[in-house]
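Here is a short tour of a protein structure, grouped by topic. Please keep the model open beside the text as you read.

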Amino acid sequence: TINGKIDRKALPIPETFSRQEAYVAPTTAIETQLVAIWQEVLGVEKIGILDNFFDLGGNSLNAIRINAKIRQELDLELEIKNLFHLKTIRDLAFQIDFSEQQKEIKLDNQTLRKIEL
């Protein structure tokens, strides 16, 4: 407008979200649990393991809620930044599995190292 404000009525109607990827169902227990958590927090009925967190409506507040649910239901400690870098359930589940395997590596009856997500 003349005074520098946005004329919201003149803006086009936003397009509805459409999946870029075909639906891929979870195949592991951790993927299934993560899908259930994302569905509950994001309010999306059908989420595939290749769906992008942000494309589904994810934001920083949702990331905090998902992190709290993962801690509560899966007894896993994640850093919030992982939800921003690992944007799909497949990537997040892979990182969780990898980290859990690293925790099990033993050397002289002591844990070689402990990787926190």
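This is a predicted model: local features need pLDDT of at least 70, side-chain atom pairs count only at pLDDT 80 or more; totals for chains, interfaces and linings use all residues.

Residues are numbered from 1 along each chain as its sequence is written, and side-chain values use heavy atoms, with hydrogens and water left out. The protein has four helices and two strands, and their order along the sequence is α-α-α-α-β-β.

**Overall picture**

- Helices (H or I, at least four residues) and strands (E, at least two) are DSSP runs, numbered from the N terminus.
- The protein has 117 residues, and 30% of them count as buried; here buried means under 20% relative accessible area, exposed over 50%, and partly exposed in between, with a 1.4 Å probe and protein chains only.
- Among contacts with a separation of 6 or more, 54% join residues 24 or more positions apart, where a contact means heavy atoms within 4.5 Å.

- Glu-31 belongs to helix α1, which spans residues 29-42.
- Setting aside residues up to four places away in sequence, Glu-31 touches Pro-26, Ile-49, Ile-89, Arg-90 and Ala-93.
- Phe-94 sits in helix α4, and Phe-94 counts as exposed because its relative accessible area is 58%.
- Phe-94 and Glu-31 are 63 residues apart along the chain, and their C-alpha atoms are separated by 8.9 Å.

**Two loop residues**

- Thr-88 lies in the loop between α3 (81-85) and α4 (89-104).
- With a relative accessible area of 11%, Thr-88 is buried.
- Beyond its neighbours within four places in sequence, Thr-88 is in contact with Trp-38, Ile-49, Leu-50, Asp-51 and Asn-52.
- Asp-75 is in the loop between α2 (60-74) and α3, and Asp-75 counts as exposed at 68% relative accessibility.
- Asp-75 has a positive phi of about 55° although it is not a glycine.
- As background, most residues other than glycine have a negative phi.

**Aromatic rings**

- There are three aromatic pairs; rings of Phe, Tyr and Trp (its six-membered ring) pair if their centres lie within 6.5 Å, and planes under 30 degrees apart count as stacked, over 60 as edge-to-face and the rest as tilted.
- One of these pairs joins Trp-38 and Phe-53, edge-to-face, at 5.5 Å centre to centre with 65° between the planes.
- This pair links distant parts of the chain, with Trp-38 in helix α1 and Phe-53 in the loop between α1 and α2, 15 residues apart.
- Both Trp-38 and Phe-53 are buried.
- Phe-53 and Phe-54 have ring centres 5.0 Å apart and planes at 75°, so this pair is also edge-to-face.
- Phe-53 has a relative accessible area of 0%, whereas Phe-54 counts as partly exposed at 31%.
- Ring pairs join Trp-38, Phe-53, Phe-54 and Phe-84 into a cluster.

**Charged groups**

- The structure holds five salt bridges, each a side-chain nitrogen of Lys or Arg within 4 Å of a carboxyl oxygen of Asp or Glu.
- Glu-77 forms a salt bridge with Arg-71, with the closest N and O atoms 3.2 Å apart; Glu-77 is partly exposed at 42%, and Arg-71 is partly exposed at 36%.
- Lys-81 and Glu-79 meet in a salt bridge at 3.3 Å, N to O.
- Arg-90 forms a salt bridge with Asp-91, where the closest N and O atoms are 3.9 Å apart.
- Glu-40, Lys-69 and Glu-73 are linked in a network of salt bridges.
- The charged end of Lys-46 sits over the ring of Tyr-23, 4.3 Å from its centre; the rule asks for NZ of Lys or CZ of Arg within 6 Å of the ring centre and within 35 degrees of the ring normal.
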